[in-house]
Amino acid sequence: MATIRAAVCHEFGAPLSVERVELRAPAPGEVEVALEACAICHSDISYAEGAWGGALPAVYGHEAAGRVRSVGPGVEHLAPGQPVIVTLIRSCGVCPACARGAPVLCAPPADPAPAPPLTTAAGGALDAAMNCGAFAERVVVHASQIAPIPEEVPMGAACLLSCGVITGLGAVVNTAGVRPGQTVVVIGAGGVGLNAIQ
């Protein structure tokens with residue numbers, strides 16, 4: 001276990017508390033990333049306000065970028081020092097949804113899950129919300145949640161690829177099914193709306 005700092009939500013609607021927590025090492029198929037940037041998505045705000053419920057205490061954040069620190073057994077396509085983005089989209093690659101090209105609907109087989117990556121300093125339960133918990137110095141996530149990025153991409157910009165860009169693009173291409181030459185209206189030009197327009 002490593003001691004790191006994280007912004008922890010203990011009560012919905014209350015300020016987050018920056019405190020020391022414990023992060024376990026990567027299990028098979030997992031990656032540890034030292035984070036350099038993490039954007040704040042409206043989903044994180046909604047969770048922290050209690051709009052969607054969830055377990056407490058929790059560490060939110062799911063739109064992050066950093067460098068691979070270590071990899072668990074079986075992870076061969078990533079190496080320490082490699083720049084990456086971390087996203088909440090986790091896929092097993094073998095369930096029916098993944099097999100038909102819909103990894104966002106992943107329902108992995110019932111294999112025993114590793115212990116949660118985060119615990120409180122006293123060893124208590126601590127939810128790494130949205131399978132990330134990226135309002136922290138480091139995360140341990142499934143390798144499918146990692147995408148390598150070029151060395152020259154600034155981390156502050158790269159982290160936006162982890163949610164706002166893929167959500168905007170996915171809304172246009174996957175949900176609305178917009179095709180070249182069609183005309184549409186985008187209501188709202190925040191992070192997701194701007195990426196839908198792009």
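In which helix does Val 192 have its place? Val 192 is found in helix H5, where helices (H or I, at least four residues) and strands (E, at least two) are DSSP runs numbered from the N terminus. This is a predicted model, in which local features need pLDDT of at least 70, side-chain atom pairs count only at pLDDT 80 or more, and totals for chains, interfaces and linings use all residues. Residues are numbered from 1 along each chain as its sequence is written, and side-chain values use heavy atoms, with hydrogens and water left out.

**Nonpolar cores**

- The largest nonpolar core has 19 residues, and Val 21, Val 59, Tyr 60 and Leu 118 have the most contacts inside it. Such a core is a set of buried Ala, Val, Leu, Ile, Met, Phe, Trp, Tyr and Cys residues joined through side-chain atoms within 4.5 Å.
- Buried means under 20% relative accessible area, exposed means over 50%, and partly exposed lies in between (1.4 Å probe, protein chains only).
- Strand E1 (2-8), strand E2 (17-23) and strand E4 (58-59) are the elements that give two or more residues to this core. E1 gives the most, with four residues.
- Leu 118 is in contact (heavy atoms within 4.5 Å) with Ile 4, Val 21, Glu 22, Leu 23, Val 59, Leu 126 and Ala 128, leaving aside neighbours within four places in sequence.
- Another core, of 15 residues, lies apart from the largest one and has Val 33, Ala 64, Cys 132 and Ala 143 among its members.
- In soluble globular proteins, nonpolar side chains tend to be buried together.

**Strand pairing**

- Strand E3 (residues 30-38) pairs with strand E9 (residues 138-142) in the antiparallel sense over five bridges. Two strands pair if DSSP finds at least two bridges between them.
- Ala 34 has Arg 138 in E9 as its bridge partner.
- E3 also pairs in the antiparallel sense with strand E5 (residues 64-71), over seven bridges. Here Val 33 stands opposite Val 68 in E5.
- Four of the five residues of E9 are buried, so E9 is largely enclosed by the rest of the structure.

**Glu 19 in strand E2**

- Glu 19 is part of strand E2 and counts as partly exposed because its relative accessibility is 22%.
- Not counting residues up to four places away in sequence, Glu 19 touches Ile 4, Arg 5, Ala 6, Val 8 and His 10.

**The second largest pocket**

- The second largest pocket holds about 280 Å³ of space.
- On a 1 Å grid over the protein atoms alone, a pocket is an open set of points with protein on both sides within 12 Å along at least five of seven lines; a cavity is a set where a 1.4 Å probe fits but cannot get out; lining residues have an atom within 4 Å of a point.
- Grid points are joined across faces, edges and corners, and a volume is the space filled by probe spheres set on the points.
- The pocket is lined by 18 residues, of which Cys 41, Glu 63, Cys 163, Gly 164 and Val 192 lie nearest its centre.
- Helix H1 (42-49), helix H4 (164-175) and helix H5 (191-197) each supply at least two residues of this lining.
- Val 192 counts as partly exposed because its relative accessibility is 36%. Val 192 touches Gly 164, Thr 167 and Gly 168, not counting residues up to four places away in sequence.
- In H1, Ser 43, Asp 44, Ser 46 and Ala 48 are buried. Gly 50, which follows H1, has a positive phi near 90°.

**The cavity**

- One cavity of 30 Å³ or more is found in a search of the whole structure, and the largest cavity has about 30 Å³ of space.
- The residues that line the largest cavity include Leu 23, Leu 118, Ala 128, Cys 132 and Arg 138. E9 provides the largest share of this lining, three residues.

**Backbone features**

- The peptide bond from Leu 56 to Pro 57 is cis, with omega near -5°, and Pro 57 lies in the loop between H1 and E4.
- Met 130, although not a glycine, has a positive phi of about 55°. Met 130 is in the loop between strand E8 (127-128) and E9 and is buried, with a relative accessible area of 18%.
- Asn 131 is in the loop between E8 and E9, and its phi is positive, near 60°. Asn 131 counts as partly exposed, at 42% relative accessibility.
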